[in-house]
Amino acid sequence: MATSMYSIPGSPMASQAPAPAAPAAPVSTARTVNAVLAESQVQDVIDELERDLVGLAPVKQRIRDIAALLVIDKLRANLGVQAAAGADKPSLHMCFTGNPGTGKTTVALRMAQLLHRLGYVRKGHVVSVTRDDLVGQYIGHTAPKTKEVLKKAMGGVLFIDEAYYLYRPENERDYGQESIEILLQVMENQRDDLVVILAGYKDRMDTFFQSNPGMSSRIAHHIDFPDYQQDELLQIGERMVNGMRYTFGPGTREVLADYLARRKQQPHFANARSVRNALDRARLRQASRLYADGDRELTAEDLTTLLPEDLLASRVFAQTPAA
Ligand SMILES: Nc1ncnc2c1ncn2[C@@H]1O[C@H](COP(=O)(O)OP(=O)(O)OP(=O)(O)O)[C@@H](O)[C@H]1O
Ligand SMILES: [Mg+2]
């Protein structure tokens, strides 16, 4: 089958007379790093990442490294330094490994923004999918499904969560392989307009790469997201509470710390996502508590304060003693 069969309409590859890929950023004559940063507003994205996300030091460092590479690449282009034919654009496909709720989706959104501002992708949106969005149930359904997803993602980032489910060696006739092959071609041929980020658990991703060397060789950046420490989870909780325009009443912060220490030891703990879920349920309990007080005039303080009891009613306190 000809390679061009897999090129996706609407992207430079598929147009009749392919124009040189248009940069999203204005044509630049910058000669200094700071000029590129100012022009592209990439520094804002890096600063926000630094400010908004708790912990994740190694992840932030890797993103700064990638940003540095791309900025220098821009300066090289501005001076007309050309890489060997076919190696003109750096490969930017990535793999984010880590447990649930460690910030992979959040960082993917920031990464898309950064790539867009530097002109590596036209639009900078993220299309997030799993196996079911790519692979069909019947013969002939997979290629159109995968191509449809690719078409939506062109000009941005395709984020494939739990990417290893695409490969099911135990099932000889699995259609996942067909999807992988289409992805591989597009990742190679249209990498100037689409960045693919594979995400999932580290051990399963390693196994997946061992069986799919073609995929492994196309991934330039592997970034591992560590689990959060107890104090980081608490800080994340505080930021979420502020973001939701609530505050902790007397003692609530300590109860949340206790909650997190217990929750961490229970099954299906999902890092920052578990923090968010706990706070969402605390809000529900706070609302029921206030609702029950039908005749009382509620102050702004009443309405915004989470009390210890809003967390203490959780099942988590009934199950495990704190560590
Ligand atoms: N370092 C952090 N600082 C602040 N908030 C965070 C941080 N990491 C994650 N969050 C918040 O936690 C929630 C879950 O994060 P996210 O969806 O990015 O995790 P994930 O790794 O993609 O999880 P999953 O594997 O379950 O999809 C989001 O609401 C996000 O805003
Ligand atoms: Mg996610």
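This note sets out points on the predicted model shown above.

1. Overall make-up. The protein chain contains 15 helices and seven strands. Of its 323 residues, 33% are buried. Contacts between residues at least 6 apart in sequence were also considered, and 78% of these join residues at least 24 apart.

2. The shell around ligand 1 holds 18 residues, of which Gly103, Lys104, Thr105, Thr106 and Ala272 come nearest. Helix 4 (104-117), helix 10 (230-243) and helix 12 (271-291) are the elements that each give two or more residues to this shell. By residue class, the shell around ligand 1 consists of seven nonpolar, seven polar and four charged residues.

3. Val275 in helix 12. Helix 12, one of the contributors to the ligand 1 shell, also carries Val275. Is Val275 buried or exposed? Val275 has 26 C-beta neighbours inside 10 Å and therefore counts as buried, the threshold being 20 or more. Beyond its neighbours within four places in sequence, Val275 contacts Leu233, Ile236, Gly237, Met240 and Leu260. Arg263 lies 12 residues from Val275 along the chain, and their C-alpha atoms are separated by 9.3 Å.

4. Packing of helix 2 on helix 3. Two packed helices are described by the angle between their axes and the distance between the axes. For helix 2 (residues 42-52) and helix 3 (residues 57-78), the angle is about 175 degrees and the axes are 11 Å apart. Because an angle over 145 degrees counts as roughly antiparallel, helix 2 and helix 3 are roughly antiparallel to each other.

5. Residues at the contact of helix 2 with helix 3. Helix 2 supplies Val42, Ile46, Leu49 and Glu50, which meet Lys60, Ile63, Arg64 and Ala67 of helix 3. The contact comprises five nonpolar and three charged residues, with no polar ones.

6. Geometry of helix 7. Helix 7 (residues 176-189) has 14 residues. The distance from its first C-alpha to its last is 20 Å, close to the 20 Å expected at 1.5 Å a residue.

7. Buried residues of helix 7. Which residues of helix 7 are buried? They are Glu178, Ser179, Ile180, Ile182, Leu183, Val186 and Met187. An α-helix has 3.6 residues a turn, so residues three or four places apart point the same way. The buried residues of helix 7 pack against helix 5 (131-134), helix 6 (142-153), strand 4 (195-200) and helix 9 (213-218).

Terms used: Residues numbered from 1 in each chain as written. Chains lettered and ligands numbered in written order. Predicted model: local features only at pLDDT ≥ 70, side-chain atom pairs only at ≥ 80, totals over all residues. Near = placed C-beta within 6 Å. Helix = DSSP H or I, 4+ residues; strand = E, 2+ residues; numbered from the N terminus. Nonpolar A, V, L, I, M, F, W, Y, C, P; charged D, E, K, R; others polar. Axes fitted to C-alpha atoms, helices over the stretch in contact; angles between N-to-C directions. Parallel < 35°, antiparallel > 145°, perpendicular 65-115°, else oblique. Contact = placed C-beta atoms within 7 Å. Buried ≥ 20, exposed ≤ 12 C-beta atoms within 10 Å, placed from the backbone. Expected span 1.5 Å × (residues − 1).
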